[in-house]
Amino acid sequence: MAETQGKTLRDVQVGESATVRRLSGEGALKRHIMDMGITKGVGVYVRKVAPLGDPIEVTVRGYELSLRKSEAECILVD
């Protein structure tokens, strides 16, 4: 599943921002994440997390987006 090579978007706390370093997903999952506008170098702000931790609501490129935990684990950030 996700590689353990540093901090992922799932590790970012509510109210914090991060910059995407790279995507670790494969094939269709990686393409799906890129289609949502999440690419290397883009800033991501974590707005909310559901009570059970899934989904995560983020702001990317000026719009709000909900991500599953499994998707957030594939997004490595600084």
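What follows goes from the overall fold to single residues.

Reader: Where does this model come from, and how are the residues numbered?
Author: It is a predicted model, in which local features need pLDDT of at least 70 and side-chain atom pairs count only at pLDDT 80 or more, while totals for chains, interfaces and linings use all residues. Residues are numbered from 1 along each chain as its sequence is written, and side-chain values use heavy atoms, with hydrogens and water left out.

Reader: What is the mean pLDDT of the protein?
Author: The mean is 90, and 94% of the residues reach 70 or more. pLDDT is the predictor's confidence in each residue, from 0 to 100.

Reader: Where is confidence lowest, and where is it highest?
Author: The lowest is helix α2 (residues 69–72), with a mean of 91, and the highest is β3, at 96.

Reader: OK, the fold. How many helices and strands does the protein have?
Author: There are two helices and five strands. Both are DSSP runs numbered from the N terminus: helices are H or I with at least four residues, strands are E with at least two. Along the sequence the pattern reads β-α-β-β-β-α-β. The radius of gyration is 11 Å, close to the 12 Å that the globule rule gives for 78 residues, so the protein is as compact as a globular protein of that length. That radius is taken over C-alpha atoms, and the rule is 2.2 Å times the number of residues to the power 0.38.

Reader: In what order do the strands sit in the sheet?
Author: The order is β4-β3-β2-β1-β5, in an open sheet of five strands with antiparallel pairing. β4 and β5 are the edge strands, each pairing on one side only. From one strand to the next the twist averages 45 degrees. Axes here are lines fitted to C-alpha atoms, for helices over the stretch in contact, and angles run from 0 to 180 degrees between N-to-C directions. Two strands pair if DSSP finds at least two bridges between them.

Reader: How many bridges join β2 to β3?
Author: Five, and these two strands run antiparallel.

Reader: Why is β3 called largely enclosed?
Author: Four of its five residues are buried, so β3 is largely enclosed by the rest of the structure. Buried means under 20% relative accessible area, exposed over 50%, and partly exposed in between, using a 1.4 Å probe and protein chains only. Glu57 lies in β3 and counts as buried at 17% relative accessibility. Leaving out residues up to four places away in sequence, Glu57 touches Tyr45, Val46, Arg47, Lys48, Glu64, Leu65 and Ser66. For contacts like these, heavy atoms must be within 4.5 Å.

Reader: Which residues of the largest nonpolar core touch the most other members?
Author: Leu9, Ile38, Val58, Leu67 and Ile75, out of 20 residues in that core. β1 (17–23), β2 (43–49), β3 (56–60), β4 (63–67) and β5 (75–77) each give two or more residues to this core. A nonpolar core is a set of buried Ala, Val, Leu, Ile, Met, Phe, Trp, Tyr and Cys residues joined through side-chain atoms within 4.5 Å.

Reader: And what is Leu9 in contact with?
Author: Setting aside neighbours within four places in sequence, Leu9 contacts Val44, Val46, Val58, Leu67, Ala72, Ile75 and Val77.

Reader: Is Val12 buried or exposed?
Author: Val12 is buried, at a relative accessible area of 5%. It is found in the segment before β1. Val12 and Val46 are 34 residues apart in sequence, and 7.1 Å apart in space from C-alpha to C-alpha.

Reader: Back to the turns. Which residue in the hairpin of β3 and β4 takes a positive phi?
Author: Arg61, near 55 degrees, in a hairpin with two residues between the strands. Arg61 is not a glycine, and it is exposed, with a relative accessible area of 53%. The hairpin of β2 and β3 has six residues between the strands, and Gly53 in the turn has a positive phi of about 90 degrees.

Reader: Where is the cis peptide bond?
Author: The bond from Asp54 to Pro55 is cis, with omega near 10 degrees. Pro55 is in the loop between β2 and β3.
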